[in-house]
Amino acid sequence: MLNREVRQMRELFTDAGLVATRDLRIEARSRVLLNQVAPFALLVLVLFGFALDADQRTLRTFAPGLFWVTVLLAALLAVQRSASIEHADDAHTGLRLSGMAAASVFLGKAAAVFIQLMVLEVLLAIGIVVLYGSELDNPVLLAVTAVAAAVGVATTGTLYGALASGLGARDTLLPILLLPVLAPVLIGATRSFDDALGAAAVDGWAWLGLLAVFGLVATVLGALAYGAMIED
Amino acid sequence: MVDTTTTTASPGSRLLGLTTLVGLAGLILFAFVLTEPDVRLHPTTGEEFGQFDAVRLLYLHVPMAVLTYAAFLTCAVASAGYLLKRRPWWDVTAHASAEVGTVFCGLVLVTGSIWGRPVWNTWWEWGDVRLMTTLVLFLLFTGYLALRRTPAEPQRQARRAAIVALVAVLDIPLINRSVEWWENRTLHQQSTLAELKIEDLTLFTLMLGLVVFGLVFAWLMLHRFRVGWLEHAQAGHEVALAIAERHAEMETLDVDAAIGRTGGAR
């Protein structure tokens, strides 16, 4: 009995690995992240600089918030891309016919988005250090926050990306649906970064707890609900 | 059988509407005339302080907030019901309650903001957790309604809307408990109803507000549900009509001539 459950779990994660590898291979070949999403994210950082009159002290103070707003905007593109992969050449039909569990597909796609977000976050972190003059006061908190927030964004984004796909006006629908749900991630990650970048005196580790709970709930809910999304 | 209903009203709903109107008149009388303004005297300086006439807005604001929860919880239950049973009744109920709830939620934000100007000295307080979580709830259901207005195959749309509603409704416990969980991050007062810290007439008017807005909610739900049900019936009717037209075309077709032409082509 236990063996069967272990085997099922192993199969779940092996299949998820296959889906993630496929999505990342498509990304490596098309280079949408590197050629379009990453330059867009850096452009947003620069535009914030212009909007705030290139005052480095102001930019340093608001860097955590600007960083996470940029991540969310770039995540929208990454999620849209991840969902559109399934609709190109009717790939989602092939995926359904493969017999993989919906949870495996969800975890695989979310893992691929997560890895792409981590790459983006590293680039953006370099961006705020160079452009805004931010200092990495607490690198450990910074790294753990980046990972926890990326889990929440990737899992929620993957669920909502599938939800908006296949509907008319999906490109405008996704931001309206996804961004309010990600508001707790924006708040938690910004407060935690406030601590990690020394921008404000807050307890970043407490906010990290919120991010961890959000990530966990989003992963479980996403794995359960994804099946209903890809029924059609 | 074709449903030829042209109105969403019925004798029962008219009676409910009339009762609601009488109730609203009574509520206005109590809230704006019979109850006293909130004026207190400072124990040491003797200066007047309190919410003054602004407190009257709370007789509308608080019941609407409660009905917002009720509407969104109805939407969540109906959404779960749809995912389990896949019956259109659940879906139409979820859609109707989400629309009514979004209107109530918007009014809660507006009345709260108007009340906040004289009492908190600001239209909007970014640091208030309950305010922020309520705004997020409003935005979540605005997204839900946007999804509802997107052209899509009905079952697919219903299934996806149900999941959006079930996720969105998770915000309600956060709003409800925010005044206890983040005491120092909110200007909203903690629950006074449960401990009966407020005076008799005030409490009565608040309860009257709950009943009256409950009637408004029921009346709106009834009509919105009926509109949704008619839309659903019309969609089914159009499909049935198209099938009947195809059948009629087949029956009037000159079959022999068609076979002859096909045979000739060979």
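In which crossing, left-handed or right-handed, does α5(A) pass α6(A)? The points below start from there; the model is a predicted one.

1. The crossing of α5(A) past α6(A) is right-handed. The two elements are helix α5, residues 102–132 of chain A, and helix α6, residues 139–164 of chain A. Their axes lie 8 Å apart, and the packing angle is about 135°. Angles over 145 degrees would count as roughly antiparallel, so this pair is classed as oblique.

2. On the α5(A) side, the contact with α6(A) is made by A:Phe106, A:Lys109, A:Ala110, A:Val113, A:Phe114, A:Leu117, A:Met118 and A:Glu121. The α6(A) side contributes A:Ala146, A:Val147, A:Ala150, A:Val151, A:Val153, A:Ala154, A:Thr155, A:Thr158 and A:Leu159. By class, the residues of this contact are 13 nonpolar, two polar and two charged.

3. Helix α6(A) also packs with helix α8 of chain A, residues 183–196. Here the axes approach within 9 Å and cross at roughly 170°. The pair α6(A) and α8(A) is therefore roughly antiparallel.

4. From α6(A), the contact with α8(A) draws on A:Leu141, A:Leu142, A:Thr145, A:Ala146, A:Ala149 and A:Val153. From α8(A) come A:Val185, A:Ala189, A:Ser192, A:Phe193, A:Asp195 and A:Ala196. Nine of the contact residues are nonpolar, two are polar and one is charged. A:Ala146 and A:Val153 are listed in the contact with α5(A) and again in the contact with α8(A).

5. Chain A as a whole has nine helices and zero strands, so the pattern along its sequence reads α-α-α-α-α-α-α-α-α. The C-alpha trace of chain A spans about 55 × 40 × 30 Å along its principal axes.

6. Six residues lie between the strands of the β1(B) and β2(B) hairpin. In this hairpin B:Gly46 takes a positive phi, near 80°.

Notes:
Residues numbered from 1 in each chain as written. Chains lettered and ligands numbered in written order. Predicted model: local features only at pLDDT ≥ 70, side-chain atom pairs only at ≥ 80, totals over all residues. Heavy atoms only, no water. Axes fitted to C-alpha atoms, helices over the stretch in contact; angles between N-to-C directions. Helix = DSSP H or I, 4+ residues; strand = E, 2+ residues; numbered from the N terminus. Parallel < 35°, antiparallel > 145°, perpendicular 65-115°, else oblique. Left-handed = near helix turned anticlockwise from the far one by under 90°. Contact = heavy atoms within 4.5 Å. Nonpolar A, V, L, I, M, F, W, Y, C, P; charged D, E, K, R; others polar. Pairing = 2+ DSSP bridges.
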